[in-house]
Amino acid sequence: MTGTDVRIDGNTLRLPGGAAVRFIRTLRLPESGTHPLPPGLGEFPLRRVADHADSVPEAWRARGGVMLPVYLREALWLSFAGTKEPAALQVGAGKVCAVSGRPWSDRLARSPQNYVVLPRQRWLDGINSGEGTVRQFVAVPLGLGATVEGQVTGEEVWGGVQLQSFPLGADALARWRRAERERLERQRAELAARPPAHAAGYGAAPTMAAPPAPGAAPARAGGAPRPAAAMGLGVGGSLRQEVYRDDRPSADWAEQPSGRVFVHLVTPPEWRRITGEAPPPSPVDRAAYTRAGLPWFDYYDQDAQDLGPAGPLRSVQPVGDWLGDDHEPWQPPSPHQVKQLGDAPGKPVEDGDW
């Protein structure tokens, strides 16, 4: 992808440099305990603010970007499947960095790291809480103080989600592309040297396409503008997920971002009023989903270097502390429903007499 424009491709945001981001509906988890990754319930629809300039608030027109409909207390995660070249992606929750907890910045930082590295980071389900966990993104209205923005800054001004992408610098990108061509040539040579029966079947070399993110369902079984019911991101339960430490030299990344986008979160009634479209159906309740036997996911990466917990994010309280207890019954998944992704730690192999 060339140029500096952010574009919508279906329900995928494509940022300059090849970064691809989808917003995935998912189950909201209990606010106690640590859980495997919940399955996805489909993609949120995305629409350009500019296409509805007559019906969005004036502040939205000024910020531009895109919008998506989300229910109160609905959970979501960000999928980065389809990213073509390495990118450093900043993710903001009300202009608070979801990785470092620091204020939004137009520069990359390492201490603390304020971005995720694509395509190594395949998805992001919440704010960085360190020690191989994140705390789930959950939508809440502005004005209650329940958002990450409100709890970290004491104000709720922005709401929504902010994305900003940095490509590799010219020299580093040329090195990466050269290494990628060499890797593909080696792969083709290895495949050509294999007997046909093996090349097509059990012994075939793995492809390098990005694996499906958890929850990619098909792959796994009018009037004058008025204030909209703006939403922001609070936090819910804890999930097992690493936020990877960048292993590239800082100098490899471009100094200036290649593109950025403001993602407005809007209530379903306002979505219908602004766009004239029906919002997605209300979220599926947890017990019904678990009873259906659909999969959950546990991800483990033996080579991971996880970021430590972000200081400003340590004190962020879950939305239940602001909106009241969740009375929806929780039915945990059975062990056979939890599918292993990445490196399976497994059980040790026992030795015997021989």
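Q: Let's start with a place on the chain: where is proline 119 found?
A: Proline 119 sits in the loop between E10 and strand E11 (123–124). Those labels come from DSSP runs, numbered from the N terminus: helices are H or I runs of at least four residues, and strands are E runs of at least two. Before we go on, this is a predicted model, where local features need pLDDT of at least 70 and side-chain atom pairs count only at pLDDT 80 or more, while totals for chains, interfaces and linings use all residues. Residues are numbered from 1 along each chain as its sequence is written, and side-chain values use heavy atoms, leaving out hydrogens and water.

Q: Which peptide bonds here are cis?
A: As a general idea, most peptide bonds are trans. In this model, the bond from leucine 118 to proline 119 is cis, with omega near 5°. The bond from serine 111 to proline 112 is cis too, with omega near 0°. Proline 112 lies in the loop between strand E9 (87–93) and strand E10 (116–118).

Q: And how do I read phi? What is the phi of lysine 95?
A: Most residues other than glycine have a negative phi. Lysine 95 has a positive one, near 60°, and is in the loop between E9 and E10. Lysine 95 is partly exposed, at 28% relative accessible area. On that scale, buried means under 20%, exposed over 50%, and partly exposed in between (1.4 Å probe, protein chains only).

Q: Is glutamate 131 buried or exposed?
A: Glutamate 131 is exposed, with a relative accessible area of 73%. Its phi is positive as well, about 55°, and its place is the loop between strand E12 (126–130) and strand E13 (133–141).

Q: Now helices: which residues of H5 are buried?
A: In an α-helix there are 3.6 residues a turn, so residues three or four places apart point the same way. In H5 (residues 268–275), the buried ones are Pro268, Glu270, Trp271, Ile274 and Thr275. They lie on the same side of H5 because they cover an arc of only 155° around the axis, taken from the directions from the helix axis to the C-beta atoms. Just after H5, glycine 276 has a positive phi of about 80°.

Q: What covers those buried residues of H5?
A: The cover includes strand E6 (47–48), helix H1 (58–63), strand E7 (66–69) and strand E16 (259–266).

Q: Last one: how many residues are in the largest nonpolar core?
A: A nonpolar core is a set of buried Ala, Val, Leu, Ile, Met, Phe, Trp, Tyr and Cys residues joined through side-chain atoms within 4.5 Å. The largest has 46 residues, and Val21 and Phe23 are among those with the most contacts inside it; contact means heavy atoms within 4.5 Å.
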